[in-house]
Amino acid sequence: MNTAYRAIGIDSIGVYVPRLYVDLTAEWAKVRAPVLTRGDVDKLVGKVVDGVGVRRMAVVDAHQDCATLAAMAAKRVIDASGIDPRDIDYLAVGTETTVDQSKSMAAYVLGMLERHYGVSLAEVGAPQFQFACIGATYALESAVSRIRAGDNTKPYSLVIASDVSKYPLRTAGEYTQGAGAVALLICENPRVLVLERGLSATVTRDERDFFRPNGQSSAVVDGKYSIDVYLDCMEAALDAYAKRVESAIGVGADRLYEAIDAFCFHVPFPRMAEYASARVLGRLWSSSPEARARLVAEGASAEGMPRKDFERALAKTALFRSAFDQKVAPSLALAREVGNIYSGALYLGLVSFLEETRSERLAGRRIFLGSYGSGASAKVLSGLVAEPYRSLVDGLRIRDDLRPAAEGGLRTPLSVAEYERLHELSDRERGISVHAPRREFALERLGTSDSPERTDVGYRYYGWVDG
Ligand code: CAA
């Protein structure tokens, strides 16, 4: 590791997932099978659970939105790390499902935190970064750069990834929805992950794989094409990253796989991380004669095979399965329970990896972060797990909390009728909550005044509700 620079990175992480969920293996599958799999319920469940990789998807209640999720995640990281919120001077939000076409969602979050903690955050910068699911990674990069440049006046920056993922009902996108937020506390000498300076690479292409035209609440997506664009952008970013690693720390592409202990990817659905792993690991192994020979012996030869066939064959090899189980699979446990949280999906994967490997000693290990946003941009960066990271991991119980209340967790299942009612609520129409807000930030009302003295039609009023 190049130690000639200050260590900057992730000091603590807060996660918030709304408690409502749809069980994709129960009533939902029975109701959707006639439309999606010609009435075959088992086939639909098999496709969703094994083919796509999700079991449950988180849904927001009527009083929740992307801003309340973000404020909840922020509160969690502030409370868990024990910092004074006045020690934050930058609050950047990455989101693609924002609550306003003009105002930064970070300003709404800042207001909620100010009122909740009774502090002034007036000198805090509060931008919103938008670039589909990669927005929060751009926000993270800017937070780190500010600190590295010495432009911060306080020790901490807060980077929050928050989204509510929505596709039209009864489409192939529906079972890849989800909702949640991840807040990252960024500072010098962080306790969880030191981001490696200079070891990041970005690729951007003007693409139509996935977008949400103004005024539309759900995304327009060309599903299969979106997978191809994700893989091609990730591969190009990996290649650029590999070159930077070689020149910065002298690790060539042939040794890069060994130098990385965990791969976390953007997870729109868990199988996507498996496709990304086949692309990325296949690419890394292509530089290693020994790995190539092992793959050929197992029937996966890059020569003479169309690429998709090669990656499918590679994904079945013992070499891949053991690498995937060890270095990727732990990052997917939470996504199976939550669904796609867009900008936070990569960071939920990081938390998942840390939580699932809690019995191991990860300090000093390198974690690869493969971020992707449709439209399209990929970034590959890496970090080294910091010595005191266990201070975070020991307090994590996200997987337990994501169990249904009937099994000792915190979650409430929704009937299909309730879920569809909530799904069809628009941003400008607040329905009745399934659970009245309690000990949480909530959207309390939408402004309705249109008089010369005060105009606030559509303005969102948020507050903490003790309940
Ligand atoms: N048992 C086991 N597996 C089954 C099965 C069964 N009964 N039935 C089908 N499958 C498998 C299929 O074989 C396939 O796996 P392979 O790729 O290994 O062949 C898998 O289930 C998916 O099935 P389909 O190929 O039929 O795909 P689908 O119609 O379910 O659509 C999707 C999948 C395209 C991802 C769709 O859900 C979608 O459009 N999602 C939204 C877009 C998206 O998430 N894109 C990802 C890249 S873009 C991005 O990352 C940004 C972002 O966050 C959106």
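How many aromatic pairs does a search of the whole structure find? The search finds 18 aromatic pairs, where rings of Phe, Tyr and Trp (its six-membered ring) pair if their centres lie within 6.5 Å. The model is predicted, so local features need pLDDT of at least 70 and side-chain atom pairs count only at pLDDT 80 or more, while totals for chains, interfaces and linings use all residues. Residues are numbered from 1 along each chain as its sequence is written, and side-chain values use heavy atoms, with hydrogens and water left out.

**View 1. Phe-263 and Phe-265 form a stacked pair.** Their ring centres lie 6.4 Å apart with the planes at 15 degrees, and planes under 30 degrees apart count as stacked, over 60 as edge-to-face and the rest as tilted. Phe-263 has 1% relative accessibility and counts as buried, as does Phe-265 at 2% (buried means under 20% relative accessible area, exposed over 50%, partly exposed in between, with a 1.4 Å probe and protein chains only).

**View 2. Phe-263 and Phe-368 form a tilted pair.** The ring centres of Phe-263 and Phe-368 are 5.0 Å apart and the planes stand at 50 degrees. This pair links distant parts of the chain, since Phe-263 belongs to strand β11 (residues 262–265) and Phe-368 to strand β12 (residues 366–373), 105 residues apart; strands are DSSP runs (E, at least two residues), numbered from the N terminus. Phe-368 is buried, at 0% relative accessibility.

**View 3. The charged end of Lys-327 sits over the ring of Tyr-257.** Its distance from the ring centre is 3.8 Å, and a charge sits over a ring if NZ of Lys or CZ of Arg is within 6 Å of the ring centre and within 35 degrees of the ring normal.

How values were computed. Helices (H or I, at least four residues) and strands (E, at least two) are DSSP runs, numbered from the N terminus.
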